[in-house]
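This report walks through selected contacts and elements of one protein model. Please keep the sequence and the structure in view while reading.

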Amino acid sequence: MQKATQKTTQTTQTTTVLWLDLGNTRLKYWLIKDGQIVLSDAKEHLKAPDELLLGLLGTFRHFRPSFVGISSVLGEKINHAIAKTLGEIGVAFEFAKVDDKHAMLSSRYEPTQLGVDRWLQMLGVVDKHRKQCVIGCGTALTIDVIDCGVHLGGYILPNLYMQRHALYAGTQQIGVKQGRFDTLSLGTTTDDAVNHGVLFGVVGAVASVQQAYPNFEMILTGGGASMLKPHLSGVSVDEELLLKGLQRYFG
C-alpha cells in the first residue's frame with residue numbers, strides 16, 4: 001500500500017487533493033483545487049466501492065490530484081482493492097487512522113474499537129473551547145459527546161431503516177415495508193405505527209442525550225441528518241463533518 005511520507009507536507013505543497021469517504025453504503029468525495037471544491041458527490045457503492053471508484057478514475061485523472069486522503073470502514077480486503085485501484089492513478093494516498101491522543105481531539109474511548117468515521121466526524125467540528133455532541137446519521141446512528149476537545153464516549157444505535165427491517169424480520173404479522181419517517185404522531189395503521197414508532201425511538205434517544213448534557217451543542221451529520229432535524233430542537237446540521245475531518249487530519 002502506498003503511503004504519504006509526510007502528511008503535513010503533502011497537502012500544503014499540492015494544489016489539487018481528493019478526500020474520499022468510503023462508508024458502509026456510500027462513496028463520498030471532495031475534489032479540491034487551490035482550496036476550492038471543484039467536484040463533490042455521494043453515490044451508493046452497492047458493496048463494490050472499488051468498482052465504483054474505478055469508474056470515477058477518468059474524472060479524477062483529468063484534475064491530476066497529487067494526494068488522496070481516505071476514510072474507510074470497509075475492512076482490509078476491500079481497502080486493499082481500493083489501494084490497488086488508486087495505484088492506477090499514480091498518486092500518493094493514505095488511509096486515515098484513529099489517533100486518540102490527537103492534539104485537537106483526545107479520547108477516553110477504547111481506540112481499537114472506535115470507528116475512523118466517528119472519529120473523523122468529531123475531528124471535523126471539535127473546538128477545545130466548546131462542549132459538543134456529534135450525532136452521526138449514517139448506516140448506524142452514533143452519538144458522541146465531546147467536552148472541550150476530550151471525547152468522553154458515546155452510543156451506537158441501529159438507524160431508522162435497520163430498526164424497521166429488524167422489526168419486519170422478527171415478526172410474523174407485520175409485513176408492510178413502506179412508508180416515510182416524517183411524523184411522530186400516533187399511527188392509525190400498522191404501517192404508520194411502525195414508521196412513526198421507529199422515528200419516535202430515535203428522536204427520543206437524541207432528546208434524552210440533550211437532557212443529560214444540556215450545555216452541549218448538538219450537531220447532526222451524515223446522510224440522514226436532514227430527516228431527523230425537523231423533529232428536534234436546538235440542533236444544527238452539517239452533513240460534511242467527515243470530509244472536513246479528513247482535511248484536518250491530513251492538513
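## A salt-bridge network

Asp127, Arg130 and Glu217 are linked in a network of salt bridges. The model is a predicted one. Arg130 pairs with Asp127, with the closest N and O atoms 3.6 Å apart. Arg130 also pairs with Glu217, and here the closest N and O atoms are 2.3 Å apart. Arg130 sits in the loop between α4 (116-123) and β7 (131-137), while Glu217 belongs to strand β10 (residues 217-221), so this pair ties together parts that are 87 residues apart in sequence.

How accessible are the members of the network? Asp127 has a relative accessibility of 24% and counts as partly exposed. Arg130 is partly exposed, at 32%. Glu217 is partly exposed as well, at 29%.

## Other charged and polar contacts

The structure holds 8 salt bridges. Another of them joins the side chains of Lys244 and Asp238, at 2.6 Å from N to O. Lys244 is partly exposed, with a relative accessible area of 31%.

Asp100 lies in the loop between β5 (92-95) and β6 (106-107). Is Asp100 buried or exposed? Its relative accessibility is 16%, under the 20% limit, so Asp100 counts as buried. The side chain of Asp100 makes a polar contact with the side chain of Lys101, at 3.4 Å. Leaving aside residues up to four places away in sequence, Asp100 touches Leu105, Ser106, Ser107 and Pro111.

Helix α5 spans residues 160-170, and its buried residues are Leu160, Arg164 and Tyr168. Why do these residues line one face of the helix? Viewed down the axis of α5, they fall within an arc of 65 degrees, so they share one face. The cover over them includes β9 (150-158), α6 (190-212) and α7 (225-228).

On the other side of α5, His165, Ala169 and Gly170 are exposed. At the start of the helix, a side-chain oxygen of Asn159 reaches to within 3.2 Å of the backbone nitrogen of Tyr161.

## Aromatic pairs

A search of the whole structure finds 9 aromatic pairs. One of them joins Tyr161 and Phe181: the ring centres are 5.2 Å apart and the planes stand at 85 degrees, so the pair is edge-to-face. Tyr161 is in helix α5 and Phe181 is in the loop between α5 and α6, so the contact ties together parts that are 20 residues apart in sequence. Tyr161 is partly exposed, at 45% relative accessibility. Phe181 is buried, at 6%.

Tyr213 and Phe216 form another pair. Their ring centres are 5.2 Å apart and their planes are at 75 degrees, so this pair too is edge-to-face. Tyr213 is partly exposed, with a relative accessible area of 28%. Phe216 is buried, with a relative accessible area of 13%. Elsewhere, ring pairs link Trp19, Phe67, Trp119, Tyr249 and Phe250 into a cluster.

β8 pairs with β7 through 7 bridges, and the two strands run antiparallel. A hairpin joins β7 to β8 through 2 residues. β8 also pairs with β9, through 8 bridges, and these strands run antiparallel. The hairpin of β8 and β9 has 2 residues between the strands, and there Cys148 takes a positive phi near 50 degrees.

Which residues are bridge partners of Ile143? Ile135 has Ile143 as its bridge partner in β8. Ile143 in turn has Tyr155 as its bridge partner in β9. β9 returns to the picture of helix α5, as part of what covers the buried residues of that helix.

Definitions and conventions: Residues are numbered from 1 along each chain as its sequence is written. This is a predicted model: local features need pLDDT of at least 70, side-chain atom pairs count only at pLDDT 80 or more; totals for chains, interfaces and linings use all residues. Side-chain values use heavy atoms; hydrogens and water are left out. Buried means under 20% relative accessible area, exposed over 50%, partly exposed in between (1.4 Å probe, protein chains only). Helices (H or I, at least four residues) and strands (E, at least two) are DSSP runs, numbered from the N terminus. The arc is that of the directions from the helix axis to the C-beta atoms. Contact means heavy atoms within 4.5 Å. A polar contact is a pair of N or O atoms within 3.5 Å; within protein, one must be able to donate a hydrogen and the other to accept it, and residues adjacent in sequence count only if both atoms are side-chain atoms. Rings of Phe, Tyr and Trp (its six-membered ring) pair if their centres lie within 6.5 Å; planes under 30 degrees apart count as stacked, over 60 as edge-to-face and the rest as tilted. A salt bridge is a side-chain nitrogen of Lys or Arg within 4 Å of a carboxyl oxygen of Asp or Glu. Two strands pair if DSSP finds at least two bridges between them.
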